[in-house]
Amino acid sequence: MFQDIEPHRISCEFKPMQPTDAGYVVVYNHDSVLLKQEVNGFTLPTCADLKRIQPGMLNDLQYLLSVDDNAFFLSLQKPSLQPGFVFKSPQIFRKLSPTWLAFAGATAAHLGRWYEQRRFCGRCGATLSHKPDERALVCRECGLTEYPKISPVVIVGIINNDKLLLTKAAAGVYRRYALVAGYVEIGETLEAAVRREVMEETGLRIKNIRYYKSQPWPFSSSVLAGFFADLDGPDTVTLDTRELAEAVWLKPTEIPEGEPNFSLTGEMIEAFRRGLIT
Ligand SMILES: [Zn+2]
């Protein structure tokens, strides 16, 4: 999956790190990220690149994460654009290589989105400051502490004997088959969210809910938790057409091959297609 970057290792915990020339910089601005054009595509600029195009931006860099010895820093300042540099949606990290840089860049953009949207205290309106000893922002006026935002999502593969329920979303550009999925509500267990999302989107009852795997999903500031469950009762789907355009029961031989190496949804569908889920 996207996060599997072995033999490289990502560490996302907060450390007091100072920028070096080789460090990568995520310049985050309104859901776009500054990229450097190369012969074969794009890459992230380094501190050395920034020093060249706009040295003032190096004064206010925030350490985000590391992959091996490569540190990634954040800038929320908007540079004057130079030839060879361009702002792109963080979605570009789905296609960037190498894969460790793509995953680190997308994760850094998740943190960048949070820092950009938490400049001011939600309680008193004062400017928030970086907490020196952990990944948090703190209000010096009223003491409020803000931690990074991660919205949990459940994904459910519903199994009816030898068939899996595959869905297509009503909105958006994603046209491949997917699984029932939705955000966890405050006050809900993951299992309760699984039951509720399945009922809301398909009208189906389920049993034997079992955990499969999880995946950090930086594009929606989420962590995804994947479950399989068995149908419990009639298999007639009552589609929530605000969420889904289509839901079909398919046997492994009827399921088209997807992109199992990238997303948890893709891996779950592929695992069922190959007979690995019982
Ligand atoms: Zn405050």
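Valine 33 stands opposite lysine 88 in E7. Here helices (H or I, at least four residues) and strands (E, at least two) are DSSP runs, numbered from the N terminus. This is a predicted model, in which local features need pLDDT of at least 70, side-chain atom pairs count only at pLDDT 80 or more, and totals for chains, interfaces and linings use all residues. Residues are numbered from 1 along each chain as its sequence is written.

Stay with this sheet. Strand E3 (residues 33–38) and E7 run antiparallel and are joined by four bridges. Two strands count as paired if DSSP finds at least two bridges between them. Leucine 35 faces valine 86 in E7. E3 also pairs with E4, again antiparallel, over three bridges. In that pairing, lysine 36 is opposite threonine 43 of E4. Two residues separate E3 from E4, and the two strands form a hairpin.

Now the whole chain. Its secondary structure comes to four helices and 16 strands. Its C-alpha atoms fill a box of roughly 65 × 50 × 30 Å, taken along the principal axes. The domain assignment gives domain 1 (10–116), domain 2 (118–149) and domain 3 (151–273); such bounds come from an automatic or database assignment. Between the C-alpha centres of domain 2 and domain 3 lie 36 Å. Of the 278 residues in the chain, 30% are buried. A residue is buried if 20 or more other C-beta atoms lie within 10 Å of its own, exposed if 12 or fewer, and partly exposed in between, with C-beta atoms placed from the backbone.

Where do the nonpolar residues gather? The largest nonpolar core has 30 residues, and Val154, Ile155, Val156, Ile158 and Leu179 have the most contacts inside it. Several elements give two or more residues to this core, including strand E11 (151–160), helix H3 (190–202), strand E14 (206–217) and helix H4 (264–273). Another core, of 28 residues, lies apart from it; Leu64, Phe72, Phe73 and Leu111 are among its members. Such a core is a set of buried Ala, Val, Leu, Ile, Met, Phe, Trp, Tyr and Cys residues joined through C-beta atoms within 7 Å.

Look at valine 154. Beyond its neighbours within four places in sequence, valine 154 contacts residues including Ala181, Leu190, Val194 and Phe227. Contact means that two C-beta atoms, placed from the backbone, lie within 7 Å.

Helix H2 (residues 99–117) has 19 residues, which at 1.5 Å a residue should span 27 Å; its end C-alpha atoms are 27 Å apart, in agreement. The expected span is 1.5 Å times one less than the number of residues. Among the buried residues of H2 are Phe103, His110, Leu111 and Arg113. The buried residues of H2 pack against elements including strand E5 (62–67), strand E6 (70–75) and E3.

In H4, eight of the ten residues are buried, so H4 is largely enclosed by the rest of the structure. The buried set includes Leu264, Met268, Ile269 and Phe272. The buried residues of H4 pack against E11, E12, E14 and E15. After H4 comes glycine 275, with a positive phi near 75°.
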